[in-house]
Amino acid sequence: MCTCNSLLAFLIDIVIFTESIAYESRVFMADTFQERTTPEIDPYFDTTVPSNITGLAGETVQLACRVKNLGNRTISWVRHRDIHLLTVGTYTYTSDQRFEAMHKFHTEEWILRIRYPQRKDSGIYECQISTTPPIGHPVRLIIVEPVTEIAGGPDLFINKDSTINLTCYVRHAPEPPSTIIWSHNHQAINFDSPRGGISLVTEKGPVTSSRLLIQKAIERDSGLYTCSPNNTHPNSVRVHIVNEEHPAAMHHGRGDRMAATMLPVVLLLRMIF
């Protein structure tokens, strides 16, 4: 009897052990199957990367996009203006050699570099992931050119014996101009001339200003004044020295353009009558 009970207990232990192994095997297979069937995470763009870029004409500019979970997919850059494929991966697909694809291995940044950009290069460029269908992230590029402005132009009417105050601004230059030359009727102004009363104040910065002051204006001071920075195009203003008093707005080259236009006619009528 004792032997039968021992044998029965042994058989029960074998059944329990076998069931335990079968259960663990089913759990393992289920976990393995779940891991294999879990869908991989889709790629997506890091939207913290700037999507509005301003560049200077002639200065190399870089457009960047950062992609997470790219996997075995590829990145392309497309120009919206003409739907032109520029790059695929690290290969450039345009004959315009100013464009170049850049990517460092094991990084998430994909860069489109443009050398010697021009204003016509402004527009939207799309960074695309080769999913089905493709997903894209637009980057807006604005190329600006240095510009020279003279306040109050193109014509200024200044009272005789008052001060001529001409202010020239240089904007969007890669760096402040090292020199700004003022000329009068195409001749460089001599600040040490016997006439005297001529001074220049220049302040350099993101917007550089150059202020030309000529005291006690006389008729010979009329004419074309040109501001010529060394790193961008010049600009000019024509100064008219008048004997008659007229509104202060006209004196400073601002205000009613119609009044400024009619002034010579009024002066001529006074001389006739």
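**Sheets, disulfides and a pocket**

Colleague: What percentage of the 273 residues in the chain is buried?

Modeller: This is a predicted model, in which local features need pLDDT of at least 70, side-chain atom pairs count only at pLDDT 80 or more, and totals for chains, interfaces and linings use all residues. Residues are numbered from 1 along each chain as its sequence is written, and side-chain values use heavy atoms, with hydrogens and water left out. Buried means under 20% relative accessible area, exposed over 50% and partly exposed in between (1.4 Å probe, protein chains only). Across the chain's 273 residues, the buried share is 32%.

Colleague: How many strands does the chain have?

Modeller: Helices (H or I, at least four residues) and strands (E, at least two) are DSSP runs, numbered from the N terminus. Counted that way, there are three helices, and the number of strands is 19.

Colleague: In the open sheet of six strands, what is the order?

Modeller: Two strands pair if DSSP finds at least two bridges between them. The pairing in this sheet is mixed, and the order is S2-S10-S9-S4-S5-S6.

Colleague: So which strands stand at the edges there?

Modeller: At one end, S5 (residues 84-88) and S6 pair antiparallel over two bridges, with Thr 87 opposite Thr 92. At the other, S2 and S10 (residues 135-144) are parallel partners over five bridges, and Thr 54 faces Ile 142. Each edge strand has a single partner, so one side of each is left without a neighbour in the sheet; the two are S2 and S6 (91-92).

Colleague: Switching to the open sheet of five strands, which residue in S19 stands opposite Tyr 225?

Modeller: The order there is S12-S19-S18-S14-S15, with mixed pairing. S18 (residues 223-229) and S19 (residues 235-242) run antiparallel, joined by five bridges. Opposite Tyr 225 stands Val 237.

Colleague: How many disulfides does the count come to?

Modeller: A disulfide is a pair of cysteine sulfur atoms within 2.5 Å. Cys 65 joins Cys 127 at 2.0 Å S to S; Cys 65 lies in S3 (residues 61-68) and Cys 127 in S9 (residues 123-129), so this pair ties together parts 62 residues apart in sequence. Cys 168 and Cys 227 have their sulfur atoms 2.1 Å apart. The count comes to two.

Colleague: And the link of Cys 168 and Cys 227: is it left-handed or right-handed?

Modeller: Cys 168 is buried at 0% relative accessibility, and Cys 227 is buried with a relative accessible area of 0%. The angle about the S-S bond is -80°, which makes the link left-handed.

Colleague: Which residues are the closest to the centre of the largest pocket?

Modeller: On a 1 Å grid over the protein atoms alone, a cavity is a set of points where a 1.4 Å probe fits but cannot get out, while a pocket is an open set with protein on both sides within 12 Å along at least five of seven lines; lining residues have an atom within 4 Å of a point. Among the 13 lining residues, the closest to the centre are His 184, Arg 195, Ile 198, Arg 220 and Asp 221.
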